[in-house]
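Subject: Structure handover

Hello,

Please find the structure we spoke about below. My notes on what was found in it come after.

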Amino acid sequence: ILTVADMGISAKEGVTVKYTSGGNGTVQDKAGNDMDTDGTGVDVTPWDTTAPTVTKGALDAGNSFIDITFSEGVYGADDGTTALTADKLALTFSLNGGSATGAVISSIKQNDNTAEGSASPLAGGEKIVRVFLTITGTPGGVETIEIKPAGDTSVYDKAGNAASASQTTGVINLNNTPPTLVSVTRNDNTQITVALSENCQNIEKDNDGGFTVEETGASGVTYVVTAIAQGTNARHVILTVADMGISAKEGVTVKYTSGGNGTVQDKAGNAMATDGTGVDVTPWDTTALTITKGALDVNNSFIDITFSEGVYGAGDGSTALTADKLALIFTQKGGSATDTVISSIKQNDNTVEESASPLAG
């Protein structure tokens with residue numbers, strides 16, 4: 001068994017194995033007869049003579065890019081190392097009476113990010129390449145694009161087999177579908193991430209950006225959105241909102257209104273429509289609080305009660321707890337004390353009742 005360097009680039013020609021006696025060549029039979037030099041050698045027949053083909057072309061909903069899938073990893077030269085470049089592909093645009101007036105390839109990269117500036121460069125050998133597009137005008141949905149190899153010697157597999165210039169993604173209509181709200185995630189009580197159906201623009205604003213947040217099932221309980229910003233990519237919008245803590249057990253609903261501050265569009269210019277139904281953030285706190293500890297002062301002046309979380313005297317998340325919200329049960333059991341009542345409840349910042357701070361909630 002010979003361990004050799006990668007022979008992939010010779011797959012369509014095959015390789016020949018030869019032998020030189022002497023030096024490292026010390027092969028003998030069991031009787032000690034040396035194997036002679038063989039300058040002719042024996043051949044390994046070619047194991048890849050099939051040219052790569054285009055198996056799929058998938059256009060992004062916002063017409064930002066098209067992912068082209070090949071039957072095998074591809075290169076921009078027959079050396080098995082050179083990465084594919086944009087000039088190795090040819091795009092044909094057909095107006096067909098639509099409103100977009102042109103489409104060109106802006107770059108080709110790996111399919112690891114939907115944002116062109118964040119996608120990784122090709123290294124060579126990718127089976128799927130992401131072709132980023134520049135569209136002129138707003139598509140009406142009748143315009144088409146088709147991508148092929150630029151020629152018969154443009155796209156290769158590792159063995160150097162060239163894809164035919166007739167290979168194609170097929171004729172694909174540009175999309176004119178507007179973006180939509182897909183899902184929402186609560187990051188914390190003052191921040192929500194909204195996922196959109198495609199890459200969008202106009203998602204950096206110092207206002208509500210057209211978004212509203214309200215308690216699920218209670219449209220009268222609203223939380224002001226003060227700013228919107230792009231999230232991890234152009235498909236995600238981060239909303240900065242007023243504290244939603246009091247709606248933790250109901251959840252909240254994010255809605256969108258087009259017009260005014262609401263100018264979200266996809267990269268093709270299709271405006272996101274008003275969504276009066278919205279998408280929900282599921283409740284994030286449905287667990288009732290509990291008393292975890294009661295510690296009585298040695299002089300019986302007070303008892304410190306510890307709860308499992310911060311407490312209030314009403315369901316509004318702001319009203320401070322008051323003495324009438326607690327009930328004290330006194331049991332004499334034959335003792336000399338005849339009664340005990342709650343005189344006040346305060347913060348545990350002083351052992352003297354008059355000096356302890358009032359509760360704030």
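Strand S13 (residues 211–215) pairs with S14 in the antiparallel sense, over three bridges. Strands here are DSSP runs (E, at least two residues; helices are H or I, at least four), numbered from the N terminus, and two strands pair if DSSP finds at least two bridges between them. Glu214 has Thr222 in S14 as its bridge partner.

Before going on, a word on the source. This is a predicted model, in which local features need pLDDT of at least 70 and side-chain atom pairs count only at pLDDT 80 or more, while totals for chains, interfaces and linings use all residues. Residues are numbered from 1 along each chain as its sequence is written, and side-chain values use heavy atoms, with hydrogens and water left out.

The sheet with S13 and S14

S13 and S14 belong to an open sheet of four strands, in the order S14-S13-S17-S19, with antiparallel pairing. Strand S14 (218–223) and strand S19 (275–281) are at the edges with a single partner strand each, so one side of each has no neighbour in the sheet. On average, neighbouring strands of this sheet are turned by 40° against each other, direction ignored; the axes are lines fitted to C-alpha atoms (for helices over the stretch in contact), and angles run from 0 to 180 degrees between N-to-C directions.

The sheet with S3 and S4

Another open sheet of four strands runs S3-S4-S7-S6, again with antiparallel pairing. Its edges are strand S3 (54–59) and strand S6 (102–109); each has a single partner strand, so one side of each is left without a neighbour in the sheet. S3 and S4 pair in the antiparallel sense over five bridges, and the bridge partner of Val54 in S4 is Phe70.

Aromatic rings

A search of the whole structure gives two aromatic pairs. One of them is Phe65 with Phe132, which is edge-to-face, at 5.6 Å centre to centre and 65° between the planes. Rings of Phe, Tyr and Trp (its six-membered ring) pair if their centres lie within 6.5 Å; planes under 30 degrees apart count as stacked, over 60 as edge-to-face and the rest as tilted. Phe65 is in strand S4 (residues 65–74) and Phe132 in strand S7 (residues 126–136), so the pair ties together parts 67 residues apart in sequence. Phe65 is buried, with a relative accessible area of 4%, and Phe132 is buried at 2%. Buried means under 20% relative accessible area, exposed over 50%, and partly exposed in between (1.4 Å probe, protein chains only). Arg130 lies over the face of Phe65, 4.0 Å from the ring centre; the criterion is NZ of Lys or CZ of Arg within 6 Å of the ring centre and within 35 degrees of the ring normal.

Val194

Val194 is in strand S11 (residues 191–196) and is buried, with a relative accessible area of 0%. Leaving aside neighbours within four places in sequence, Val194 has contacts (heavy atoms within 4.5 Å) that include Leu181, Phe211, His236 and Val254.

The whole chain

The chain has zero helices and 21 strands. Its radius of gyration (taken over C-alpha atoms) is 36 Å, well over the 21 Å that the globule rule gives for 361 residues, so the chain is more spread out than a compact globule; the rule is 2.2 Å times the number of residues to the power 0.38. The C-alpha trace spans about 115 × 75 × 30 Å along its principal axes. Of the 361 residues, 33% count as buried.

Regards
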